[in-house]
Amino acid sequence: LAARLSHPNIVQIYDAGEDHGDPYIVMECVEGRSLADELESSGALDPARVVDLGVQVCAGLEHAHAAGLVHRDIKPGNLLLGERDTVKIADFGIARAAETTRLTQMGSVLGTAAYLSPEQALGEEVTAAADVYSLGCVLFECLTGRTPYVFDTLAELAVKYREEPITPVRELRPEIPEELEAVVMQSLARNPEYRPPSAAALGRDLAGATTDD
């Protein structure tokens with residue numbers, strides 16, 4: 001499925017098959033490092049750069065969603081920063097066709113917990129809106145230096161989803177412009193219906209948000 005995708009913001013998959021029973025995937029080599037590495041070394045990023053990176057991820061996600069694929073594991077480790085700060089979305093390994101993304105095993109979740117949408121954490125139906133939420137988590141972390149929720153167990157995270165609001169971006173970093181905070185916080189809405197309706201819409205909102213205090 002992922003091999004059908006061809007977009008400058010998605011790691012290209014060239015081939016897939018089996019060699020003596022061992023499955024393999026041949027994919028584009030991206031010279032650079034992951035956003036996770038960048039955050040670990042630099043901490044919170046400049047708002048203008050966060051917007052640029054976010055718009056690029058939105059473009060890649062919109063292409064995937066239009067092809068019927070939900071990534072399901074958007075996180076800094078799966079966002080590669082290549083030449084000229086070009087973002088490449090990597091690892092569609094747990095992506096599934098959008099029409100078949102309901103989890104089949106009660107309580108099972110995929111992805112990295114800190115970036116899971118509430119519906120993923122609760123084992124509910126996963127749609128493209130889950131990728132919007134996960135990207136919101138990434139944007140939040142890029143701006144503040146921490147993920148929206150801090151927790152020790154998945155059970156604790158589930159409780160926080162139900163009972164604890166996310167700390168607004170500007171409470172953690174007051175110099176972030178209100179417009180940019182509003183876009184990020186909307187993408188983190190607990191109810192998928194209240195998030196931007198698509199990755200493209202989130203990209204437009206980010207592009208239109210001022211990055212000057």
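In the predicted model, Asn191 is located in the loop that connects helix 7 with helix 8, where helices are DSSP runs of H or I with at least four residues and strands are runs of E with at least two, numbered from the N terminus. Asn191 counts as partly exposed because its relative accessibility is 28%; buried denotes under 20% relative accessible area, exposed over 50%, and partly exposed the range in between (1.4 Å probe, protein chains only). Between Asn191 and Pro165 the C-alpha to C-alpha distance is 12 Å, at a sequence separation of 26 residues.

The model is a prediction in which local features need pLDDT of at least 70 and side-chain atom pairs count only at pLDDT 80 or more, whereas totals for chains, interfaces and linings use all residues. Residues are numbered from 1 along each chain as its sequence is written, and side-chain values use heavy atoms, with hydrogens and water left out.

Axes are lines fitted to C-alpha atoms, for helices over the stretch in contact, and angles run from 0 to 180 degrees between N-to-C directions. Contacts, defined by heavy atoms within 4.5 Å, join Glu179, Leu180, Val183, Gln186 and Ser187 of helix 7 to Leu202, Asp205, Leu206 and Gly208 of helix 8. The residues of this contact comprise four nonpolar, three polar and two charged; Ala, Val, Leu, Ile, Met, Phe, Trp, Tyr, Cys and Pro count as nonpolar, Asp, Glu, Lys and Arg as charged, and the others, Gly among them, as polar.

A further helix pair is formed by helix 2 (residues 47-66) and helix 4 (residues 128-144), which pack at an angle of about 165° with axes 10 Å apart. Helix 2 and helix 4 are therefore also roughly antiparallel to each other. In helix 2, Pro47, Val50, Gly54, Val57, Cys58, Leu61 and His65 meet Ala128, Asp131, Leu135, Leu139, Cys142 and Leu143 of helix 4. This contact involves 10 nonpolar residues, two polar and one charged.

Overall, the protein contains eight helices and seven strands. Its C-alpha trace spans about 55 × 45 × 30 Å along the principal axes, and 47% of the 213 residues are buried.

Methods
Angles under 35 degrees count as roughly parallel, over 145 as roughly antiparallel, 65 to 115 as roughly perpendicular and the rest as oblique.
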